[in-house]
Amino acid sequence: MGIYTYICMLSALSILIGFITHKVSHRIQSTIAISAAAMVGSLFLLISGKLGWFSIENIASGIMQQIDFKSFLLNGILGFLLFAGALGIKLPVLKDQKWEITVFALFSTLASTFLIAVLIYLCAQLIGLQLGFIYCLLFGSLISPTDPIAVLAIIKNLRAPKRLSMQVEGESLFNDGVGLVIFITIFTVAFSGVEPTIGGILELFVHEAVGGIIFGFLLGFAAHLLISSTDDGSMEILLTLTIPTAGFILANSLGVSGALAMVVSGIMVGNWTRTKGFSEQSQRYLDHFWEMIDHFLNSLLFLLIGLALLLINVSWQSFILMLLAIPICLASRYISLLIPYTVFSRFRTYNPYTLKIMTWGGLRGGLALAMALSIPAQTAMIGESSLDVRDVILVLTYAVVMFSILVQGMTIEKMIQKAKTVDPNKEEYLRPTAETKARKNDDLNAYLSK
């Protein structure tokens, strides 16, 4: 059987799992249920193979390796998922959160990368695992950015307070570009021996991130012109498909961030073209069409995340480090968010559950696994042991990803429900100055004098 056959069978399986979950319980998110079912199935295959019942795990592992998780996600469905997620971003709310999202995406990602690297390095030394600091930085760079796919798939369905939801979603959509630049830089140093320079890092950032934003704007503008030139509802919806297909491939071919390009073009189409270019019929069908695609691809992706367990080689040292990696990543994210949050709190008042939800709701998913799988195998052995750097990083990544999806994803709802109890009119506002107080008094006096 070929790769197309495997994808078709896995797609059908993911849909069936989602259907069964929906029938059994409406409380469990379908993406969580699919990941859990795939992980349990993978464990069953591995255990049964070890006990000698049957050796189907070799066949299953071969299927996962043939699919090439990295290419399938980073160069394939990522464009569709990011574009679909960006379509729902409301530009006025995004503008209101622009400084928070920018600082969280830049500073918090860098700070978390360094904190995770230092703590993982120290813990590895304590258990006798001679893991180089550069590889700890590599793990920190791929696990620090929150995954927009995992975040949008879960947070959006829980209907968090608007501004709070935009902080979590906006950060996750933009920080993957920053995280990818950091990852590529450290990857180059770790495996090619090239010494990094400030000029080289800045050039890479400008080319990847800024180039992706500019390309996304041009792509969104071109799509707007094409959609505005026709009144055929079906053609208008079909034209949006050219963005995450040809547009995403072209961005990657030019060496710019296709992820950021999809976010920018999605925001443009979802806000500008939605009201200025689409016919009334297409406005009604746009969200339904892309929600269906988003749900289907998310189901397939989370099934593959669960099955990725078949690719992992675990040792006792990496197992101990895996258990430590989960609290380390959570603590590092909390600290990296706390610093800018404390500064912003001096100028704005936030929902009291903001920091908790952003920390616990900072989910990791397929993007982190795809970057971990891109690390070449058998290129850097740890000390005199038979452990490969790729295997250790993949174990740590899988543990953090599955914990965030299964544990954090299933328990975040309680925090969001508590956040909803806060008066929405007091959820977030600028601290009143003497000028704004005087203006409010003048407005009140004018109203009373009528």
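1. Start with the aromatics: F80, F83, F289 and W290 are joined into a cluster by ring pairs (Phe, Tyr and Trp rings, the six-membered one for Trp, with centres within 6.5 Å; planes under 30 degrees apart are stacked, over 60 edge-to-face, the rest tilted). Bear in mind that this is a predicted model, with local features needing pLDDT of at least 70, side-chain atom pairs counted only at pLDDT 80 or more, and totals for chains, interfaces and linings using all residues. Numbering runs from 1 along each chain as its sequence is written, and side-chain values use heavy atoms, leaving out hydrogens and water.

2. Searching the whole structure gives eight aromatic pairs. One of them, F83 with W290, is edge-to-face, at 5.0 Å centre to centre and 70 degrees between the planes. F83 sits in helix α4 (residues 69–87) and W290 in helix α14 (residues 280–307), so this pair ties together parts 207 residues apart in sequence (helices are DSSP runs of H or I, at least four residues, numbered from the N terminus). F83 is buried at 0% relative accessibility, and W290 is buried too, at 2% (buried is under 20% relative accessible area, exposed over 50%, partly exposed in between, with a 1.4 Å probe and protein chains only).

3. W360 and F403 also pair edge-to-face, with 6.1 Å between centres and 85 degrees between the planes. This pair links helix α16 (residues 354–360) to helix α18, 43 residues apart. F403 is partly exposed, at 22%.

4. On helix packing, α7 (residues 133–143) meets α18 (residues 389–420) at about 30 degrees, axes 11 Å apart (axes are lines fitted to C-alpha atoms over the stretch in contact, with angles from 0 to 180 degrees between N-to-C directions).

How values were computed:
Helices (H or I, at least four residues) and strands (E, at least two) are DSSP runs, numbered from the N terminus.
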